[in-house]
Amino acid sequence: MLSESLRQNAVQELDSVMENQESWVTVHAAEYKIGLGYPEGVKEAFLEEQRQRGSQSPYRIGIWRVLAQSDPALANEYLEKITKAFQDRQGTDRVHAAETMAKLGQNLNEWAPEATREVLAGPINSLYVYTLWSTLQGTASAAGVSALMDLALDRELGDLVRMQAAYALRNEGNITQWKELAAEARALPEGAMEKVYLLSAAYIHAPVSEKGGGTWKSIRDELLAYAKSPGKAERMEMAIALGKSGLPEDLPVLVELLENKYPPLEEGKRDNAIIKPEDQADIRATAAYGILTLERSQTYSLAFGDWLVVLCYLGGMLGIGYYFSKKNKNEKDYFLGGGKMNPVAVGLSLFATLLSSLSYLSYPGEMVKYGPVILSGILVFPLVYYVVGWFLIPKFMKLRVTSAYEILEINLGVSIRLLATFFFLSLRFLWMGTIIFITVHTAILAIFGFDSKYTLLISILLMGITIFYTTLGGLKAVVFTDVIQSGVLMGGAILTLLVVSYSLGSFTSWIPGEWLGHWGELKLGLDAMERLTIGNALLTTFIWYVASSGSDQMSIQRFLATENLHTARKTFGVSLLTNFVVQFLLGLVGLAVLAYFIEFPQYLNPGETVASHADQLFPKFILVGLPVGISGLVAAGILAAAMSSLSSGLNSTSSVISEDLIKRFTKNYKAPKNQMSRVRNLSFFVGIFALFLSVLISKVEGNLYDVIVKVVNLFVSPLFVLFFMALFVPFATARGTFVGGLLSVAVAVAISFYKIMGIEVLFILPVSLIVGMVSGSIFSYFDHWLLGNKETMAKRSREAAIFKASRESQQ
C-alpha cells in the first residue's frame, strides 16, 4: 500500500520526534516505534531519560512505561515501580500509574488488590476510570466493559470522565455497542471534550460488514473534519482511528498531517488556538503512526497457483489410500502392514507421526519467543537412542503382539492393561483433537484466509480426507504418505531459509548477533520454577522421547511392523536422526522468520509484535514472504504434518480398541467375515470422536504452546509409568502400579491447570514420571512383601507364561 519513501519518511519522523522533543511527546513517539516494530534506540534513549528525569512526577511514569516495553527482561522491575506509585495515596501520579498499567495490559487486581478495591469503592473520577480499565486486562470481563460503556454514555458525569471511558473503550476489543457510542457522539455539541473519543471508539469497533453503511459513513465524515481541528487531541485521535480502522483513501489526510500542510489556526477561535511547535510534533508523530498502522490493515491471500498445489496434494493423498486399499487382505495387513515393512520408510513414518503439525507450527514460534534454548534438547538424542534401542525395543520385540498393551497383561494382569488402554486412548484422542484445533485456528484460517465461522466445516473436511485414505489403506497408506510428507516438511523449512536469506542478503544475515531482550535470561541448570533452561530442555526432551517410544502404541506398532530387533533399532534410529535434522531446521526457521519480520515489520497486523505473536509468524511468512507456488507447497506441508499425525492416530487407536476392548469384552468373539469393513468403520468413529474433542479443546486457555503442553502431555508420563513398572520393577504388583499410574495423572493435572507449588507447565513430564515411578514402586513393595501378595504374584507369573506361550504359538 505504501511507497518505500513514504514508509521511510514516517519512520524517520518518529525517530526525529523522539530524539528532539521532550516529556510526553517523546513517550508517545517511543511507544509508536515499539508498537510498530521499530524499537531501535528507544531503550538507550529512555535509560538516559531515567538518569536525568527519573524522579520527575508524573513524567517518570511515562519513562517506566516505555522501558517496560523496550526491555522485557526488566519489565517486572518497572511494573513494580508503577504499582508503588499507584499505591501511594498521596502521590501526584496515581492516575498516570493506573492508566499505564491498563495500557501495558496489566491487571491492578493482581498487582495491588487492596488499593484497587479501595479505588473502585470510591468516587467516580479519572483514577476510578483507569483503575476499572486495568481490571479488564487478562479477563475479557463483559461486566467491566459494560461498566466502562455506562460511564461513557452517562451524561450526568463530567466531560473528562466520559472522555477517558471512551478512550479506554477505544483500546479494548469485542465492543458491540458501537452504534450507541456513535449516537451519543453526534448528540454532543462541537467542541465537547469527549466527542472525538466517542466517535473514534465507534469507528474502530464498527464491524467490517458495516463499512460503507450510513452510520459508519457519518462517523467517518465527522472524524475527517477534525483534520483542521483547533485542538491537538482531536487531530491525534482522528489519526489513530484512521490508522486502526481506516480505508486506503484516508491515507492522503494522514500524509497531510505528517507533512504539517494545514496552516496555523486563527486567533480567537479557542484559547491558545495556535498549535505550539511541540504539539505539532506530537501530531506529526501520531500521523506517522496512523500511516504505518493503516498499511498493516492490508490483507494477504494465496494465489491461484498456490491453491492448485494444495488441491493436487490432497488429491494425491486420496489416491494413495485407494491404491493401498486393494493391498490389504486381513487385520495384520491393515494394522501392521504385514509385519515386513521397509525399516527406513517406517522410521520416516515414525518421525512424521511424532513431529506433527503441532511441532511444525509451535517449534519456530518457541524459538522466536524464547530463543535457542529449545534447540539444546536435541543434544540428548544419542542417549535417547541408546536407552530406547537397547533397553526398550528388545523387550518389545520378544513378543510379537498386535497391541503394545498385551505386554502389560503378561506381566501385571488385565487391570493394568485396561488402565494403559484408557491412558493411551485419552492421550491420543486429546492429541488428535488438539492437532485439528491448532492446525485449523493457527494455520488454515490464517494462511487460506477463511472466516472463523467456517472453523467446524474446515475441521470436518480435514478429518474427513484423513479418515478416507487411512481407513482405506491402513498402515501401508499411513507409512507411504508419511514418507512423502516428511519430504514436504523438510522441503518447506529449507525453502523458507533460502527465501529469507535472499530477502535479507545472505545466509548469515538472519542469525542474531546478540541475545535478544525478549528472550529473557539464559539459564543453564535444572529449575522447575523456570519455564525454560538448558537443563530443563535436555531433561524434558529425554523423558518425552523415552516415554513416547516406550509406551505409545503408535511407536511400538512401528517397531513391531519390522522383521527383527536390528531393523526395529534401525527404524528408531532413522526416526530420531530425521527428527534431529528437522527440529534443527525448524529452529533455524524460527530465527529466520524472526529476522524477516524485524526487518519488515510492516507485514505485521496492528498491535502485533514478534514476541506477542510468535506462533503466527511462520504461517504469516508463508503468505507474505514466499513466491507463488512455494506458498502453496509449504501450506500443503502443514496440512501434511496434520494429516500424517491424524492418520497414525486413527490407525493406532483403532488397533488398541479392536484388540484391547472389542475382542476382550465381546463374549464368544468371532472374527467377522468382512474384517476390513469392521476395522475401517472403527477408524471412522475414532475420527468423529476426535473431531468432537477439538471443539472442547478450543475452550482451553493459553497460547499455542501452553495448550499443547497442557492437553497433549497429560498422559505421556503416566502411560510410561505402567511400562516401567512392568518391565523394570521385579516386585511390581497390579495394585501398586495402578496407584502409581493414577497419582502420576493427578500430579500432571495439578501442574497443568493449577500450577501446584509454582511448578512450570513444562515440568509436567519429569515430575509426574518421578511421582508415578516412586509411588508405584513403594506401593508395590508394601503390596508384595507386607500385604501377603506373594501367592497372587506367583499365580500371575504362571498365567503370564501360559499367555506368552499361547501368543507365540499363534505366530
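Modeller: Buried means under 20% relative accessible area, exposed means over 50%, and partly exposed lies in between. This is a predicted model.

Colleague: On those cut-offs, is Y603 buried, exposed or partly exposed?

Modeller: The relative accessible area of Y603 is 22%.

Colleague: What kind of ring pair do Y300 and Y603 form?

Modeller: The structure holds 33 aromatic pairs. In the pair of Y300 and Y603 the ring centres are 5.9 Å apart and the planes stand at 70°. An angle over 60 degrees counts as edge-to-face, so the pair of Y300 and Y603 is edge-to-face.

Colleague: How many residues apart in sequence are the parts that Y300 and Y603 tie together?

Modeller: Y300 lies in the loop between α17 (277-295) and α18 (304-325). Y603 lies in the loop between α28 (565-599) and α29 (614-624). The pair therefore ties together parts whose separation in sequence is 303 residues.

Colleague: Which residues make up the cluster that ring pairs link with Y300 and Y603?

Modeller: Y596 and F597 form a ring pair with centres 5.4 Å apart and planes at 85°, so this pair is edge-to-face. Y596 and F597 are both buried, whereas Y300 is partly exposed at 26% relative accessible area. The cluster linked by ring pairs consists of Y300, Y596, F597, F600, Y603 and F621.

Colleague: How far from the ring centre of W431 is the charged end of R428?

Modeller: A charge sits over a ring if, for Arg, CZ is within 6 Å of the ring centre and within 35 degrees of the ring normal. R94 lies over the face of F86, 5.2 Å from the ring centre. The charged end of R428 sits over the ring of W431, and its distance from the centre is 4.2 Å.

Colleague: Is R162 buried or exposed?

Modeller: R162 is placed in helix α11 (residues 159-171). Its contacts beyond four places in sequence include L151, L157, L188 and L198. The relative accessible area of R162 is 3%, and under 20% means buried, so R162 is buried.

Colleague: Which residues does the salt-bridge network around R162 join?

Modeller: The side chain of R162 makes a polar contact of 2.5 Å with the side chain of E184. Another polar contact, of 3.1 Å, joins the side chains of R162 and E194. Salt bridges that share partners join into one network R155, R162, E184 and E194.

Colleague: Which helix holds both R53 and E49?

Modeller: The structure holds 24 salt bridges, and one of them joins the side chains of R53 and E49 at 2.6 Å, N to O. R53 counts as partly exposed at 24% relative accessibility, while E49 counts as buried at 15%. These two residues are four apart, about one turn of the helix, and both lie in α3 (residues 42-53).

Colleague: How many residues apart in sequence are the parts tied together by D93 and R60?

Modeller: The side chains of D93 and R60 meet in a salt bridge of 2.7 Å, N to O. D93 counts as buried at 0% relative accessibility, and R60 counts as partly exposed at 22%. D93 lies in the loop between α5 (75-87) and α6 (94-103) and R60 in helix α4 (residues 59-70), so the separation in sequence of the parts they tie together is 33 residues.

Key: Residues numbered from 1 in each chain as written. Predicted model: local features only at pLDDT ≥ 70, side-chain atom pairs only at ≥ 80, totals over all residues. Heavy atoms only, no water. Phe/Tyr/Trp six-rings, centres within 6.5 Å; stacked < 30°, edge-to-face > 60°. Buried < 20%, exposed > 50% of the residue type's maximum accessible area, 1.4 Å probe, protein only. Polar contact = N/O pair within 3.5 Å; in protein donor to acceptor, adjacent residues only side chain to side chain. Contact = heavy atoms within 4.5 Å. Salt bridge = Lys/Arg side-chain N within 4 Å of Asp/Glu carboxyl O.
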